[in-house]
Amino acid sequence: MAVPSARPRARRRPLVAALFSALALAATAVPAGAAPTAGHTPVPPHNPYAGPDGTATMHGDTGSSDTTPLAGPGAGNLSSKRVALASACPTVLVGSDGHPVVLCTPIFGRVPTVHLLNPADGSSLTTLQLTKGSLLGGVYAYLDDQDRLVVVDGSRNLLRVAHRKDASGKWHLSVDRSLSLASAVPADDAVTGLSPDWRGRVWFATGNGVVGLADDRTGQVSTLRLPAGERVANSISTAPEGTAVTSTHATYLLTADADGTPRIAWRQEYDRGRARKPGLLSRGSGSTPTFLGPKTGTDYVAIVDNADTTVRLKVYRTDGGAEICSIPVLQASGGPGSENSPVGAGDSVFVAGTYGYPYPALPDGAGPSVPSSADSAGGLTRVDVRPDGTGCATVWDNTLRSAAVPKLSTATNTLHTVVRDPLVPGTRGTGILDPYRYVQIDPATGRVTRSRQVGVGSLYDTLQMAGTVAPDGAYLQGTVTGVLRITAG
């Protein structure tokens, strides 16, 4: 592709049952298809109440762009190491001190556990167990400006978890601050996503459609409820203009009144289809909404709908919510569905397909899929918004079977992901002996430029989770059993 370049920026099967309950887990425009210049792509601005850009949230930044200013594995032979944590680890973040902070669901006991990892080799330095309960919210934790993990535990408490060394040099994890959200979140509900605003308050959304704003410095919590029947099955995104939330029916931009009360700035319905599809975890969009744009990095908001036969990328103007385009994606793969947040940088959006992906378990209330099963289709599409903002155009569309949320390095103009190859080349089926491969992709063309097999079999299943580029260049990717650490040289 030509991504414009980026400016640098300072119940069930025990293994994944709890995890999947949580998952329910001024620049010049570049002409479409043109080659980008690394280092100048507009991306969402740094949120002063979040950790480092690229590593503070599952999707890189609070705008959920899935971009990073870090380069990733450099020159030399690629190698990989599986850090076995006996846990599914969807949230891999890295603070300003370079230490990875990982939130996992253990295979046995399923008590949510925070790990502080050694940046040199990925080994676990210390752990902290959180209150067991619904993990909705735990999957989408983030790091604040003090490198504390901000998360909602099973008791509906908003926590800030810090890591420090004691006098003997031993690392510890501890709760610095706690605020109960029980008055705002009913006992039968749970937080699915959270993100800070530009005043240090924390926006959150629940599975049953409560959207709230909490200030754990003052104790103030204010909420609004989305229309009856609307659920929130993915995380939320924040930008200076407001907070983007995509429910199972519509995408919203919310702002707050002077007293902190949330209000709806605009709402755009989308085609949610007649049922959940195989490879998706809810009936509706699988997208955490993505902020992107050629000027401020947050000019637009993008999602993928859940239309029955051909899904569409929907791009809206952040200011006012007007639809810029509704364009078919993932047509080459024949797989109409994506559970992943789009990658957005400048005018360019990348959509990875998940239709037919064999999740081992489903969230409560997911409902049957139509059809009941399907081969894993995959697919990766690049779409560019026209420079004048009047529509969109497809740049390329391929059949690559990404098994993770891709991450775009704006330092090197490279897409990083892990793909799931079929055991029998040329087929589309999946099995427990499938090989997994880390790949680097040229965003100008969609072609794989570099790859390395990281393992064979279900221990390496990346379950469509997001990878993170560490400051030392390592690519850290959560799996059903721990974290993959991919390096070069």
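**Strand pairing, salt bridges and a nonpolar patch**

Strands β33 and β34 form a hairpin, with three residues between them; strands here are DSSP runs of type E with at least two residues, numbered from the N terminus. The model is a predicted one, in which local features need pLDDT of at least 70 and side-chain atom pairs count only at pLDDT 80 or more, while totals for chains, interfaces and linings use all residues. Residues are numbered from 1 along each chain as its sequence is written, and side-chain values use heavy atoms, with hydrogens and water left out.

Gln477, for example, has Leu484 in β34 as its bridge partner. Strand β34 is also joined to β2 (residues 78-84) by seven bridges, and these two strands run antiparallel. Here Ala84 has Gly482 of β34 as its bridge partner. Strand β34 (residues 482-488) is mostly covered, with five of its seven residues buried (buried is under 20% relative accessible area, exposed over 50%, and partly exposed in between, with a 1.4 Å probe and protein chains only).

Turning to charged side chains, the whole structure holds 18 salt bridges, each defined as a side-chain nitrogen of Lys or Arg within 4 Å of a carboxyl oxygen of Asp or Glu. In one of them, the closest N and O atoms of Asp216 and Arg160 are 2.6 Å apart. This pair links distant parts of the chain, with Asp216 in the loop between β13 (210-215) and β14 (220-225) and Arg160 in strand β9 (residues 157-165), 56 residues apart. Both Asp216 and Arg160 are buried, and they belong to a salt-bridge network that also links Asp144, Arg148, Arg164, Asp176 and Arg177.

A further salt bridge joins Asp461 and Arg420 (3.6 Å, N to O). Because Asp461 lies in the loop between β31 (448-456) and β32 (465-469) and Arg420 in strand β29, the pair ties together parts that are 41 residues apart in sequence. Asp461 is buried, at 6% relative accessibility, and Arg420 is buried as well, at 7%.

Finally, Leu423, Val424, Ile432, Leu433 and Val456 make a nonpolar surface patch of about 500 Å². Patch residues have over 30% relative accessible area and no salt bridge, with nonpolar side chains (Val, Leu, Ile, Met, Phe, Trp, Tyr) joined within 5 Å and like charges within 9 Å; areas come from the Shrake-Rupley method with a 1.4 Å probe, and for residues only the protein chains shown count as cover. Ile432 sits in the loop between β29 (414-420) and β30 (435-441) and counts as exposed because its relative accessibility is 64%.

Key: Helices (H or I, at least four residues) and strands (E, at least two) are DSSP runs, numbered from the N terminus. Two strands pair if DSSP finds at least two bridges between them.
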